[in-house]
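Subject: Structure handover

Hello,

Here is the structure for you to look over. My notes come after it.

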Amino acid sequence: MIAEDSVYKIGYLTRVHGLKGEVSLSFTDDVWDRADADYLVLRVDGILVPFFLEEYRFRSDSVALVKFVDVDSADDAQPYVGCEVYFPFELTPEEEPEELRWSHFTGFEVLLKGGDAPIGTIAQVDESTANVLFYIETSRGESIVPAVEEFISDVDHQERRIILDLPEGLLDLNE
């Protein structure tokens, strides 16, 4: 069984493409290409399941057509449309700190500057727009915060923690 904290969300499957089982993957991180990974993880009926890649090709900087092993027709692929797609932390390639992508922070625990307790975890990073966004899962639900260097007070890569210095009331805008 794949543990929830061993993967991070990189996108979702949007539709079937063609008749041979290809699906369109809308992604925020192309880590599987940089890591030369053999599989992606899909959330199917609430369970994280590995799906091995047969082939893929990029349609744009945020969409790829993916063909999974043993998914050989549009009918085989249709049940997976809408599934969230994840990537294992253990397969993420090591990158130099100056080369980090925003998606590196997925799964990091978030603390506010001056606070002791974490407010949540970065569940997703959206790099598909001009303004990169952190989607933070909190006890009150999901909060969306701009991912800008000015808001980052400190980062502990070892402990996977990030301390944000946010303008007052910014977290309340999402309620």
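Predicted model: local features only at pLDDT ≥ 70, side-chain atom pairs only at ≥ 80, totals over all residues.

Numbering runs from 1 along each chain as its sequence is written, and side-chain values use heavy atoms, without hydrogens and water.

Salt bridges. The structure holds nine (a side-chain nitrogen of Lys or Arg within 4 Å of a carboxyl oxygen of Asp or Glu). Arginine 43 and glutamate 4 form one of them, at 2.5 Å, N to O. This pair links distant parts of the chain: arginine 43 sits in strand β3 (residues 39-44), glutamate 4 in the segment before β1, 39 residues apart. Strands are DSSP runs of E of at least two residues, and helices runs of H or I of at least four, numbered from the N terminus. Glu4 and Arg43 also belong to a salt-bridge network with Lys9 and Glu84.

Lysine 67 pairs with glutamate 54 at 3.3 Å, N to O. Lysine 67 is buried, at 6% relative accessible area, while glutamate 54 is partly exposed at 46%. Buried means under 20%, exposed over 50%, partly exposed in between (1.4 Å probe, protein chains only).

Threonine 28. This residue lies in the loop between β2 (22-27) and α1 (31-34). Threonine 28 is buried, at 13%. A polar atom of its side chain is 3.2 Å from the backbone oxygen of valine 125.

Regards

Technical notes: Polar contact = N/O pair within 3.5 Å; in protein donor to acceptor, adjacent residues only side chain to side chain.
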